[in-house]
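Open the model in your viewer and keep the selection tool ready. The tour goes from one stop to the next.

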Amino acid sequence: MSKKVHVFNAGPCLLPQVAIDHAIEALKDFSGTGISVLSISHRTKEWDAVMDECRALWRELLHIPDTHEVVFLGGGASLQFLYVAMNYLEKKAAYLDTGVWAHKALKEAQGIGDAYAIACSKDKNYTYIPKGFDIPADLDYLHITTNNTIYGTEIHEDIDCPCPLIADMSSDIMSRPVDVSKYDLIYGGAQKNVGPAGVIFAIIRKDSLGRVSRYIPTMLDYRTHIDKLSMFNTPPVFAIFVMNETLKWLKSIGGVEAMYEINKKKAALLYDEIDRNSMFVGTAVKEDRSLMNVCFVMAPGKEDLQDEFFAFAKERGMVGIKGHRSVGGFRASLYNACTVEDVQALVDCMKEFETLKK
Ligand SMILES: *Cc1c(COP(=O)(O)O)cnc(C)c1O
């Protein structure tokens, strides 16, 4: 028996136990073939079945319309920053600069063409989402980062955008319903909420491609991967296998809509405690608080208790609550596989600490 722990890692994320169990079985014997999933040829009907199932689950869980295709690739979300610019940037693109990842996406596009920050929340260390800015209709696209993993802010609604809209949804995909039809492209790394590291998803409006005049290298061209059903070259087989198992689990508990209700409950539980507890304060402005990454610090005057709380929480099995180095303090990531019980354990721990220190 391993020790009881509560995992709040920002990524790679906690995965449902059933997905891990099925992965262990498949490591020994994939789909009754007698071969490990690590050694299975990706050109077999057994593997095709996994790819088909995974694509179908994506479509079903996010209600992806026929206008869009979903592909699974390697290279991480960071390589998608380049894909976006290569496939969509012709004249001018705007980026909403809401954090480190959004900023990196913008930088990458600026290496390819004309891209600028339409609004930026760096003035307050990215603790809010800029609002009320005008979006020119003639942009190639507006790029947004719907959930800012490091700062704990989130764009909770699918915005109405007069130009094509592109979103990095690495850390809130499948956590809430999304109107996919509003986006030309949604992409992200699987390792924040839907699988292990090593695979990305891209949901692409098919008729949005082919509008740029540059040469796009084969591997960076989304059309290559749509045409070859994500198997132009060897796909990240094991990562896709585990992602598929994770999505099967998500479906079994009622899909994204049911998950959203649980996620709202988990986040409310923790934010309510942060707001109530005299030891802690939240860092993100309330209306933009992320349901996935909850950032908080010691209350003014209590800063010197930070290390003590880390040790106190660690002793009680809390893992991965250290904030990103650019924010400090604490960050608890409440991705899909994190349970209400996990969050309750953290809340209890915060209450106990307060009682001890008061
Ligand atoms: C983690 C993260 C990334 C980077 O993902 P990699 O797969 O490590 O390249 C990009 N965007 C967001 C919002 C993230 O949380």
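Which residues in α6 meet which residues in α7? Select Trp 249, Leu 250 and Lys 251 in α6, then Gly 255, Val 256 and Met 259 in α7: these are the ones that meet, contact being heavy atoms within 4.5 Å.

Before going on, note that this is a predicted model, in which local features need pLDDT of at least 70 and side-chain atom pairs count only at pLDDT 80 or more, while totals for chains, interfaces and linings use all residues. Residues are numbered from 1 along each chain as its sequence is written, and side-chain values use heavy atoms, with hydrogens and water left out.

Now show the two helices whole. Helix α6 covers residues 237–252 and helix α7 residues 255–276; their axes come within 7 Å and cross at roughly 75°. That makes α6 roughly perpendicular to α7, because angles of 65 to 115 degrees count as roughly perpendicular, under 35 as roughly parallel, over 145 as roughly antiparallel and the rest as oblique. Axes are lines fitted to C-alpha atoms, for helices over the stretch in contact, with angles running from 0 to 180 degrees between N-to-C directions. Helices (H or I, at least four residues) and strands (E, at least two) are DSSP runs, numbered from the N terminus.

Next, select the ligand. Of the 13 residues around the ligand, those that come nearest are Ser 78, Thr 149, Asp 168, Gln 191 and Lys 192; near means a heavy atom within 4 Å. Helix α3 (residues 76–88) gives the largest share of this shell, 4 residues.

Then look at the polar contacts (pairs of N or O atoms within 3.5 Å). Oxygen atoms of the ligand lie 2.4 Å from a polar side-chain atom of Thr 149 and 2.6 Å from a polar side-chain atom of Ser 78. At Ala 77, a polar backbone atom is 2.9 Å from a ligand oxygen.

Two loops remain. Select Pro 12, in the loop between β1 (6–7) and α1 (17–28). What kind of peptide bond joins Gly 11 and Pro 12? The bond is cis, with omega about -5°. Finally, select Ser 31, in the loop between α1 and α2 (45–62). Ser 31 is not a glycine, yet its phi is positive, about 50°. Most residues other than glycine have a negative phi, and most peptide bonds are trans.

Terms used. Polar contact = N/O pair within 3.5 Å; in protein donor to acceptor, adjacent residues only side chain to side chain.
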